[in-house]
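I opened a new model today and went through it from the whole chain down to single residues. My entries follow in the order I looked things up.

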Amino acid sequence: MSSSRKKHKEPKASKKHRHEEKADWPLPHSDGGKVRLTELFGHIEKEFDHLRSENAALAEKVESLTDKLNTLLAGRALERIPDVTSTDLTHSPASHPVADPIPPPLIQSSLQPKMFKSSTQPFTIKLKPTKKARPTLTVEWAQVRVFQGHRDGVMQVAHSKHGTPVIGSTSVDGTALIWDPDTGTPFLKYTGHSGAVNCISFHQKEVLACTVSGDCFGHVWRYLPPVSGLPRQPSLAEKLKHDSSGEERCLSDDYEDTTVDEGVHPSVTLVKTPIIILKGHKAPVMSCDWLPNAQQLVTASWDRTARLWDSEKGLTIHSLEGHDQELTHVCAHPSQQLLVTSSQDTTFRLWDFRTPPIHSVNVFQGHSKAVNAAVFSQRDNVISGSDDHTVKIWDLRKMRSPTDSIRLDIGVNRIALSQYENGVLALPLDNGHIRLYDLAGNRLAQIPRRDRQGHRRLVFSAAWSLDSHQKCNLYTSAFDNKVIGWKITFDAATKLS
């Protein structure tokens, strides 16, 4: 009996011992446990940030050394080539050797002189100088303003296309904010979605915005831009006008559920009700854009389809199917009835609606991983960015292979192309940096995160303003909950290449 009692007492002592050990560590559900977990996660986050910054610095050093090595090799290659600027070369074994054969012209012109007069006579060619001057750009950048108001990562930033310039941003926190770019303060907050808001696009002719969300819906809603130089007016739902009978009436039915959100900013108008709800997708909707006719919308979803909508009725016109995996982005051509959809299936597709009701589809296969975005230029180019660390430039008239390719050391997200005459690409990167390139694939600048400037986490999207002379003409959004406005200055220069 005594031995059995001892056996029963030992577990009690061990339980007490374990309880004393746990006393030093607060329970996870207690206030102390939450504080302790928050501190631990904070330390882990700091370590990750430190490692990320070290990796970014090492990547910059490697890239700098690579550029120097390529320049040195190119200089040595030029030294080996004989000076044939004014020397006649004959097509015979005794002639001087040439490093690379001269490629034939792609199209024979009727004005081109014939090189071969007969089968026995040699032909002569005078080569132009090896170094050829071509115009390019020199770029300077400066951080102008930080837009803070979201409580979680910012998925998308966009610039308005009509009327008073405004900035729109969407966030994982389930909201969209409309900002005054001159003051950097939000004046409207949209809270109609029940999930993360993934994209925002502005109407070309009216003060309308479309947002899409993880709740599988798209919403079209109206915003009121601030009056320049004047204090912001109250929302329409608050501003009730008295008629001649003395009764109060609301100026607009679009703002029946509009109130002031005191939790964000005293002057921020809260909009809850959309004008139109786009219903039809069966999975989170990731991207949206207005077509140039301003009467149609396009959305892209994780249900592997894109949908073309009647923006006035909210009805589906076409369901665009064909991708094998989730869609990541959609973009409309600025002036033609063309769409391009990007997908995790490593392809992007061009949809042509210029001759309705028939539409054609072209599939672009050039990436090895998910395509995160593809955008149009004002000309006949499409630029695609992928997780395979490349950005490729395509000619719509020659779709078999890209005309230029930009190789990076990290993944690129939702790229943006300026519609200015120079056409500059802004590439938001996973490491928190932004790089600028021209359409020939030349790197113009890198905007790193240093000191207290720049983003601290993954940069997800970028947007150019319509006017390059604005205080901020480039905006970027990131998972550090911020939107940053940059001033990019372009100067024409001459570069030897």
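**Entry 1: whole chain**

I started with the surface. The accessible surface of the protein chain comes to about 28200 Å². Carbon and sulfur atoms hold 53% of that surface. I note here that this is a predicted model.

I then asked how many helices and strands the chain has. I found two helices and 32 strands. The chain has 497 residues, and 41% of them count as buried.

Next I checked contact range. Among contacts with a separation of 6 or more, 49% are between residues 24 or more positions apart.

**Entry 2: aromatic pairs**

I looked up ring pairs, taking centres within 6.5 Å as the cut-off. The count comes to ten aromatic pairs.

I picked out Phe147 and Trp179. Their rings are edge-to-face, 5.4 Å centre to centre, with 85° between the planes. I wanted to know which strands they sit in. Phe147 lies in strand S1 (residues 133-148), and Trp179 lies in strand S4 (residues 176-180). The pair therefore ties together parts that are 32 residues apart in sequence.

Are these two residues buried or exposed? Phe147 counts as buried, at 1% relative accessibility. Trp179 counts as buried too, also at 1%.

I turned to a second pair, Phe348 and Phe364. Their ring centres are 4.5 Å apart and their planes are at 10°, so I logged the pair as stacked. The stacking label follows because planes under 30 degrees apart count as stacked. Phe348 lies in strand S20 (residues 347-352) and Phe364 in strand S21 (residues 360-365). This pair ties together parts that are 16 residues apart in sequence. Phe348 is buried, with a relative accessible area of 0%. Phe364 is buried at 1%.

I also looked for clusters. Phe147 and Trp179 form one aromatic cluster with Tyr475.

**Entry 3: nonpolar cores**

I noted the background first. In soluble globular proteins, nonpolar side chains tend to be buried together.

In this model the largest nonpolar core has 27 residues. Phe348 is among the residues with the most contacts inside this core, and so are Phe376, Ile383, Val391, Leu408, Leu425 and Leu427.

Which strands supply at least two residues each? I listed strand S19 (338-343), S20, strand S22 (371-376), strand S23 (381-386), strand S24 (390-395) and strand S27 (424-428). S22 gives the most to this core, with five residues.

I found a second, separate core of 20 residues. Its members include Leu444, Ile447, Trp464 and Trp486.

**Entry 4: an open sheet**

The order is S14-S15-S16-S17, and the pairing is antiparallel. I asked which strands are at the edges. They are strand S14 (285-290) and strand S17 (315-320), and each pairs on one side only. The twist averages 25° from one strand to the next.

I then looked at one pairing in detail. Strand S16 (residues 306-310) and S17 run antiparallel and are joined by five bridges. Arg307 stands opposite Ser319 in S17.

I moved to strand S8 (residues 218-222). S8 is mostly covered, with four of its five residues buried.

Strand S7 (residues 208-213) pairs with S8 in the antiparallel sense over five bridges. The hairpin of S7 and S8 has four residues between the strands. In this hairpin, Cys216 takes a positive phi near 80°.

S8 also pairs with strand S13 (residues 276-278), again antiparallel, over three bridges. Gly218 has Leu278 in S13 as its bridge partner.

**Entry 5: Ala209**

Ala209 lies in strand S7 and stands opposite Trp221 in S8. Is Ala209 buried or exposed? I logged Ala209 as buried, because its relative accessible area is 0%.

What does Ala209 touch, leaving out residues up to four places away in sequence? I listed Ile200, Ser201, Phe202, His219, Val220, Trp221, Tyr223 and Trp290.

I took one last distance. Ala209 and Gly168 are 41 residues apart in sequence, and their C-alpha atoms are 8.7 Å apart in space.

Key:
Residues are numbered from 1 along each chain as its sequence is written. This is a predicted model: local features need pLDDT of at least 70, side-chain atom pairs count only at pLDDT 80 or more; totals for chains, interfaces and linings use all residues. Side-chain values use heavy atoms; hydrogens and water are left out. Buried means under 20% relative accessible area, exposed over 50%, partly exposed in between (1.4 Å probe, protein chains only). Contact means heavy atoms within 4.5 Å. Accessible areas come from the Shrake-Rupley method with a 1.4 Å probe; for residues, only the protein chains shown count as cover. Rings of Phe, Tyr and Trp (its six-membered ring) pair if their centres lie within 6.5 Å; planes under 30 degrees apart count as stacked, over 60 as edge-to-face and the rest as tilted. A nonpolar core is a set of buried Ala, Val, Leu, Ile, Met, Phe, Trp, Tyr and Cys residues joined through side-chain atoms within 4.5 Å. Two strands pair if DSSP finds at least two bridges between them. Axes are lines fitted to C-alpha atoms, for helices over the stretch in contact, and angles run from 0 to 180 degrees between N-to-C directions.
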